[in-house]
Amino acid sequence: MYNSIAQMISIAKECKVPPWQVVLETEMILSERTEEEIFARLAERYAVMVRSAEKALETPQPTPLAGLIKGIAMTQNTYAETGGISGGFINKLMARALSCSEVNASMGKIVAAPTAGACGILPAVLMTVGEQCESSERAVLEALLLASGVGRVIMENATVSGAEGGCQAECGVAAAMAAAAAVYLYGGDSDTCANAVAIALMNVLGLVCDPVAGLVQVPCAGRNASQAVNAVISADMALAGMRSIIPPDEMITAMLHVGRALPTDLRETGKGGAAATPTGCAVYDGLFKRGECAQ
């Protein structure tokens, strides 16, 4: 059993196993399921992730309340074919993250990893890095299990709620989970996975939650794309040899404290940040016809 990233890594080293194996053993105890049952459930969830990451790439998804992000995944996916400034890999990564967000906004089926608002980050990273590394399905599921273990530690010791900790606790945590998964898929060791987690959290520390009109569309979709990128660059920095000066568990605590210090207007209320701009208020008033949004 582990209750921190440090404990997870220590056990993995002591037992000479990859960190996902430590997560598996804990999950088997807590769920009273076999390894085969756990991986079967992981496969089911990953299949949902793949479908949501692909569904909007060629067909814009209708949204029941506001089409603020309708078609953005298809546009990004088309652009990815040109390579763009950052290359096909990064643009495809972003397109898949945007697709998940678009599917979520259309009331489609997604996997909350760790939340619905951050649902595109982990699928995009698992799929895109997995393809680049030519990973087997089993390896991708192992990476997903490792990511879930990172998420479990953060949920136990901090928060993944935007209402409690801002977007750093949603998209930021998803990026940290995905960074560890990316390192594993690339062949990195336990320490490198831990460093990637810390780097990803440090990169996003203080990110507010300011949904325009209170909807999980803007800026949420863009942050799914940007934090998928955060995950892979954090993984690359760790793989290159960068070591986070602040350990991951201390970064988790720091994130919690920063989240609690954020004013209420910047924690999912839709009253601050981008939501409180004149245009953000106009979107709100246009949708709800209330004239209540203060500018």
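Visitor: Which helix does Ser31 lie in?
Guide: Ser31 lies in helix H2, residues 19-31. Helices here are DSSP runs of H or I with at least four residues, numbered from the N terminus. This is a predicted model, where local features need pLDDT of at least 70 and side-chain atom pairs count only at pLDDT 80 or more, while totals for chains, interfaces and linings use all residues. Residues are numbered from 1 along each chain as its sequence is written, and side-chain values use heavy atoms, with hydrogens and water left out.

Visitor: Ok, is Ser31 buried or exposed?
Guide: Ser31 counts as buried because its relative accessibility is 18%. The cut-offs: buried is under 20% relative accessible area, exposed is over 50%, and partly exposed is in between, using a 1.4 Å probe and protein chains only.

Visitor: And what lies 2.6 Å from a polar atom of its side chain?
Guide: For Ser31 that's the backbone oxygen of Glu27.

Visitor: Switching to helix packing. At what angle do H3 and H6 pack?
Guide: About 95 degrees, with the axes of H3 (residues 35-55) and H6 (residues 121-132) 9 Å apart. Axes are lines fitted to C-alpha atoms over the stretch in contact, and angles run from 0 to 180 degrees between N-to-C directions. H3 and H6 are therefore roughly perpendicular to each other. In these terms, under 35 degrees is roughly parallel, over 145 roughly antiparallel, 65 to 115 roughly perpendicular, and the rest oblique.

Visitor: Which residues make the contact?
Guide: From H3, Tyr46, Met49, Val50, Ala53 and Glu54; from H6, Leu122, Pro123, Leu126 and Met127. Contact means heavy atoms within 4.5 Å.

Visitor: New topic: how many disulfides does the count come to?
Guide: The count comes to zero disulfides, with a disulfide taken as a pair of cysteine sulfur atoms within 2.5 Å.

Visitor: What about Cys193?
Guide: Cys193 is in no disulfide, and the nearest cysteine sulfur, in Cys133, is 12 Å away. Cys193 is buried as well, with a relative accessible area of 3%.

Visitor: Last one, where is Ala158?
Guide: Ala158 sits in the loop between H7 (137-157) and H8 (162-165), and is buried at 14% relative accessible area.

Visitor: What does Ala158 touch?
Guide: Leaving out residues up to four places away in sequence, Ala158 touches Ile252, Met255 and Leu256. Asp249 is 91 residues from Ala158 in sequence but 9.8 Å away in space, C-alpha to C-alpha.

Terms used. Helix = DSSP H or I, 4+ residues; strand = E, 2+ residues; numbered from the N terminus. Polar contact = N/O pair within 3.5 Å; in protein donor to acceptor, adjacent residues only side chain to side chain.
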